[in-house]
Amino acid sequence: MERALIGKISEYEDKQALIKGRVFNIRNLGNIVFLIVQDYTGTIQVVVDKSTEVKTGDAVVITGLVKKDARAKSGFEIKGEKLEVVSPNIEDLPIDLSKEDINLNLNTLLDYRPLSLRHPKVQAIFKLYDILLKSYEKVMREYDFTEIKTPKILGTATEGGANFFKVKYFEKEATLAQSPQFYKQIMVGVLERVFEVGSVFRAEPHFTTRHVNEYIGLDAEMGYIVDFYEVAKTLNKVLQQVFAEIEKEGKPYLDLYNIELSKVPDEIPFIKLSEIKKIIKEKYGHEVSEGTDIDPKGEELAGKYAKEEFGSDFIFITHYPWSDRPFYTMPDPTNPEETCGFDLLYKGLEIATGGQRIHKYDELLSSMKKKGIKPKGMEFYVDTFKYAIPPHGGWGMGSERIIKQILNLESIKEAILFPRDVKRLIP
RNA sequence: GGGCCCGUAGCGAAAUUGGUUAUCGCGCCUCCCUGUCACGGAGGAGACUGCCGGUUCGAGUCCGGUCGAGCCCGCCA
């Protein structure tokens, strides 16, 4: 008999079906025993004889008659006739997966990752993540971006600073990519519009609920732009469609978390950094020092302001100080202390950074000089600008941060299968 | 890198100002229960309270060290 998927069990009403899956829970009422069996499409209740030998966690193959039954939660149940344990659980599970909520400390959740991932609510995170990646790639192509994959083992750091990992590379020393920045800019000179979904490595020893040392960046870069607003507005449209796809396909997973998905407005509001700083000081009494980015508390308040003032979970903060941004950032021609760029906040957390880049060779060189960056080792990048790179810009977006914010997860690490942080290299 | 908290059965937690046999829930084992769905009921096993040292008649509780974990700041996506 062919395998019947639990998610499509209604198609087998009043017929024999063969299901394969894991025993999620057992409810033994004496003369009647209910098994909750889980496969990758869902769960189903199976009624079995009290003499059946089976334990929670066993991988089983069951055949039986599928009946419509209002007494079962999904409306269907299987009268189990034959049950084979194809792979038994040889040890009691160290964590309890049979309850609606998994309720573990983060440390336990991650230490037992191979098992905690089996819980439906944990799985839901990664089903949504799958939808996010799929729709991002789909929507970007609709906007004529070409998907590229750039190297992650690099000869030079892309973002400056000291926050890159060093690795041995034969006789040389290499660094792990902090971003695809150089390569996507180079590719603007080739394909005009490119995007990448790829690993980003950051060697910062951070201890927060929103940082990890390896994450998946959703990058994009586009040529012949008029200004950075064109980039931001493209990102706005992309997100709107991505969220529409998540709404459409992710309903069952969002429901597990009782989440009403945020609406991405047609026009996410823009506000200058200097302005939002004034507002959060006057409105919420939170002061941030001059000439720098707002702190996490300030971001939270900026998110609150966006919600109260514009009814939006999203807000673009623009014109960050040039001193805070990387050397390739385009300074504002009307005020070179500020930059032509933005951060995108979602529910008070930065999920993307973007803006216009410097595209003229000599401006790039002088910018590097001002930042004290030597072109040595990055000639392949710098020299490209001798050969007419069009005005361009793009963004980098944190995919896991989006999922964290959608589901209101406590930590970004919950949105990563096997997260890497300062202390965690295993599993 | 700076700061703040926390380590108690497999898991999640409790334990008055230091005081007798370390408590509860889940899970596990045994038994009862034909409609449960966080099933229910009865009973049981399971902890040298992270580790080392100190103070004290007495330490899960106080002190020092050590190992482990979490969070905040910085930095960023």
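**Close-up views of a barrel and an RNA-facing surface**

View 1. Leu35 has Val46 as its bridge partner in β3. This is a predicted model, in which local features need pLDDT of at least 70, side-chain atom pairs count only at pLDDT 80 or more, and totals for chains, interfaces and linings use all residues. Residues are numbered from 1 along each chain as its sequence is written, and chains are lettered from A and ligands numbered from 1 in the order in which they are written. Helices (H or I, at least four residues) and strands (E, at least two) are DSSP runs, numbered from the N terminus. β2 (residues 33–39) and β3 run antiparallel and are joined by seven bridges; strands pair if DSSP finds at least two bridges between them. Val33 is partnered by Val48 of β3. Two residues separate β2 from β3 in this hairpin.

**View 2. β3 beside β5.** β3 and β5 (residues 76–87) run parallel, with three bridges between them. Val46 has Ile78 of β5 as its bridge partner.

**View 3. The closed barrel.** Five strands form the barrel in the order β1-β2-β3-β5-β4, with mixed pairing. Neighbouring strands of this sheet are turned by 55° against each other on average, direction ignored (axes are lines fitted to C-alpha atoms, for helices over the stretch in contact; angles run from 0 to 180 degrees between N-to-C directions).

**View 4. Surroundings of RNA strand B.** Gly30, His206, Asp295, Pro296 and Gly398 come nearest among the 57 residues around RNA strand B (near: C-beta atom, placed from the backbone, within 6 Å). β17 (349–357) is among the elements that each supply at least two residues of this surface, and its four residues are the largest share.
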